[in-house]
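Hello,

Here is the structure I promised to pass on. Please open it first, then read my notes below.

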Amino acid sequence: MKRKWMIFLVSFIMLFFVGRIGLAKEKVTVYTSLETDEIVKYLEVARKDLPDLEIDIIRLSTGELGARMLAEKDNPQADCIWGWAVTNMEQFIPLKILEPYKPKGVERLEKRFIHPEYYYVGIDMYIAAFCVNTKVLKEKDLPMPKGWNDLLNPKFKGLIAMPNPVASGTGFLQVSSILQMHGAKEGKEDGWEFLKKLDKNIGQYIKSGSRPAKMTAQGEFAVGCSFDFVVAEQKKLGFPVEFVFPIEGAGYEVEANALMKGAKNPRAAKKFLDWAISENAMKEYAKFKYGVTLPGIPTRPDLPKLSEIKLYPMDFAWQAKNRDEILKKWESLFLR
């Protein structure tokens, strides 16, 4: 009888631990350059939809994320990338840091936002915009700027905040759009001359795409060169700010996801990447972004209509190819 009891006890203990193992969550480590405000909301949905995953998010600026990936190339600490600029993704494909993955449901997305070999899959887009503090304009008797050229007005000296393009994807899209507008693809230097003139009015270069808008909303600057939804957020909070999309053409960027080559948790990473293009995820993205890559998802009503904005036709391949050279030159000219 005692022997039977011991067998039963051992069996029970084994079943208990097997059950515990079965209940254990798979861990996935995700690098992202999405804004913190977004991540909080997105993760609420992700954790409901993926109860079997322990999702560890590490938020880095665009430039910091790339530097981290390079440093960890031979021993990747992340399993996947979530919401990183396509311009940066393009650079990392030849470095063999990314691995192709075709997430479930990818056929429903717009093909133009997907790498042909599935090295990355786009999820949304963001557009460069000025956050203009109307109270500061009135106090300092400043004109409402309509575009980049208006920011050269000496009256704006020290009253403009702009993202540092080395650290910020928003900063890079702003600089690269200005260069392209002034013929950089044809080898012209006019864009750099324009940036030198603009630099005379810059009060601060900031290692963030959102902080110029937030600081401007607080009254620290008259104009914060930032991007669409963060301006909308400041306006929603009641700050005296307005959108301005440059009349010369607003630069934009596509954010995308990718699987890391050598990921320590590839199965969990693929589950996360499948969710990251799901309808539930896209509906959350659309609460922040102008457009998502899944057709049929409505955009937020407090943003100006996309049809009313003049978008500059960004050349992502050119940007990726010339990114290092552009940033090196920018640092040599403007780093303070």
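**What I found**

The chain holds twelve helices and eleven strands. Both are DSSP runs numbered from the N terminus: helices are H or I with at least four residues, strands are E with at least two. This is a predicted model, where local features need pLDDT of at least 70, side-chain atom pairs count only at pLDDT 80 or more, and totals for chains, interfaces and linings use all residues. Residues are numbered from 1 along each chain as its sequence is written, and side-chain values use heavy atoms, with hydrogens and water left out.

**The whole chain**

The C-alpha atoms fill a box of roughly 95 × 45 × 40 Å along the principal axes. Of the 336 residues, 56% are buried. Buried means under 20% relative accessible area, with a 1.4 Å probe and protein chains only.

Look at H7 (residues 190-199) and H12 (residues 316-334). Their axes are 11 Å apart, at an angle of about 35 degrees. Axes are lines fitted to C-alpha atoms over the stretch in contact, and angles run from 0 to 180 degrees between N-to-C directions. Contact means heavy atoms within 4.5 Å. H7 contributes Trp192, Leu195, Lys196 and Asp199. H12 contributes Ile326, Lys329, Trp330, Leu333 and Phe334.

Now find Ala222, in the loop between helix H8 (211-217) and strand E8 (223-227). Is Ala222 buried or exposed? Ala222 is buried, because its relative accessible area is 0%. Beyond its neighbours within four places in sequence, its contacts include Cys131, Val132, Phe156 and Thr216. Val241 is 19 residues away in sequence and 9.4 Å away in space, C-alpha to C-alpha.

Best wishes

Note on methods
Buried means under 20% relative accessible area, exposed over 50%, partly exposed in between (1.4 Å probe, protein chains only).
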